[in-house]
2 protein chains.
Amino acid sequence: MKEDTATNEEAIRDLIDSYVNAIRNHDIEAVVSAYAPDLVAFDVVPPLRSVGAERYRKVWQEVFAMLEKPIPYDIRDLSISAGDEVAFSHSLNRNGGTMKNGRKLDLWLRWTACYRKIDGNWKITHMHASVPVDLQTGKAMAELKP
Amino acid sequence: MKEDTATNEEAIRDLIDSYVNAIRNHDIEAVVSAYAPDLVAFDVVPPLRSVGAERYRKVWQEVFAMLEKPIPYDIRDLSISAGDEVAFSHSLNRNGGTMKNGRKLDLWLRWTACYRKIDGNWKITHMHASVPVDLQTGKAMAELKP
């Protein structure tokens, strides 16, 4: 049977939309519900690798404590590839906004999200967020814009 | 129709094995043939995003010019999720070896690879490689070990 590519892609697009809106609105339950419980994450900051969605409840709570609501979180160059059970997306995600100390944040992350359909619902089972680095100088290149 | 998960996962595992062996042995054609022509890459070094497999011919040629053959390239914590048309894998990849100037390289990268079956053959259509960074100090955390 041919996979229903259009329907699956639409489902992933809806999930990403909900996830981004949840981030914008500090909706911690909706953010965490996008993840599978055994999420494997390669995040922009250490550690090298983390396992488990519950860890991200704390990570996002710290982000939400730091940034005024709503967070201007935007996605560009989004590409989605979706089969019936397995999917992935990649995009450039802008983490913007005003910190509660008045400092402005404007950080573009490369974001790869990988999904599995679990009991009929798509969940993020793996995500990878990063900025490039200069291996000669050891510096993070956190100011690059698309 | 239930997707043939085991067969698809085995095909992805074979592709990764071939790819890693090609890197170890400086086999540039075999490395580049693992990629789809329109590969979208988020690499450990700038730019933020690149498109096209041919760019990586030059990238790998520069790596091969720098490192003695064979390159001790190893993968751990590999996870593969594969449908009939779409798949992804994530792992920690050790880029080791001796540079031709005698300096030792020992860099662990987080590696996410995303695949599509194109004309019956699995190809890497997206890859994301990175090290974590410290956003406070602006430093790349290139010395982390799993």
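Colleague: What covers the buried residues of helix 1 of chain B?

Modeller: In this predicted model, the cover includes helix 2 (28-33) of chain B, together with strand 3 (73-82), strand 4 (86-98), strand 5 (104-118) and strand 6 (121-130) of chain B. The buried residues themselves are B:Asn8, B:Ile12, B:Leu15, B:Ile16, B:Tyr19 and B:Ile23.

Colleague: Why are the buried residues of helix 1 of chain B said to line one face of the helix?

Modeller: Seen down the axis of helix 1 of chain B, its buried residues fall within an arc of 95°, so they line one face. On the other side of this helix, B:Ala6, B:Thr7, B:Asp14 and B:Asp17 are exposed.

Colleague: How does the reach of helix 1 of chain B compare with the span expected at 1.5 Å a residue?

Modeller: Helix 1 (residues 5-24) of chain B has 20 residues and reaches 28 Å from its first C-alpha to its last. The expected value is 28 Å, and the reach is close to that.

Colleague: Why does B:Asp77 count as partly exposed?

Modeller: The limit for buried is 20 or more such neighbours, the limit for exposed is 12 or fewer, and partly exposed lies in between. B:Asp77 has 14 C-beta neighbours inside 10 Å, so it counts as partly exposed. B:Asp77 lies in strand 3 of chain B, and its phi is near 55°.

Colleague: What makes strand 2 (50-51) and strand 3 of chain A edge strands?

Modeller: The open sheet of chain A has 6 strands in the order 2-1-6-5-4-3, with mixed pairing. Strand 2 and strand 3 of chain A each pair on one side only, and they are the edge strands.

Colleague: How do you know that strand 4 and strand 5 of chain A pair?

Modeller: Two strands pair if there are at least two bridges between them. Strand 4 and strand 5 of chain A share 13 bridges, in the antiparallel sense. The bridge partner of A:His90 in strand 5 of chain A is A:Thr112.

Definitions and conventions
Residues are numbered from 1 along each chain as its sequence is written. Chains are lettered from A and ligands numbered from 1 in the order in which they are written. This is a predicted model: local features need pLDDT of at least 70, side-chain atom pairs count only at pLDDT 80 or more; totals for chains, interfaces and linings use all residues. Helices (H or I, at least four residues) and strands (E, at least two) are DSSP runs, numbered from the N terminus. The expected span of a helix is 1.5 Å times one less than its number of residues. The arc is that of the directions from the helix axis to the C-beta atoms. Two residues are in contact if their C-beta atoms, placed from the backbone, lie within 7 Å.
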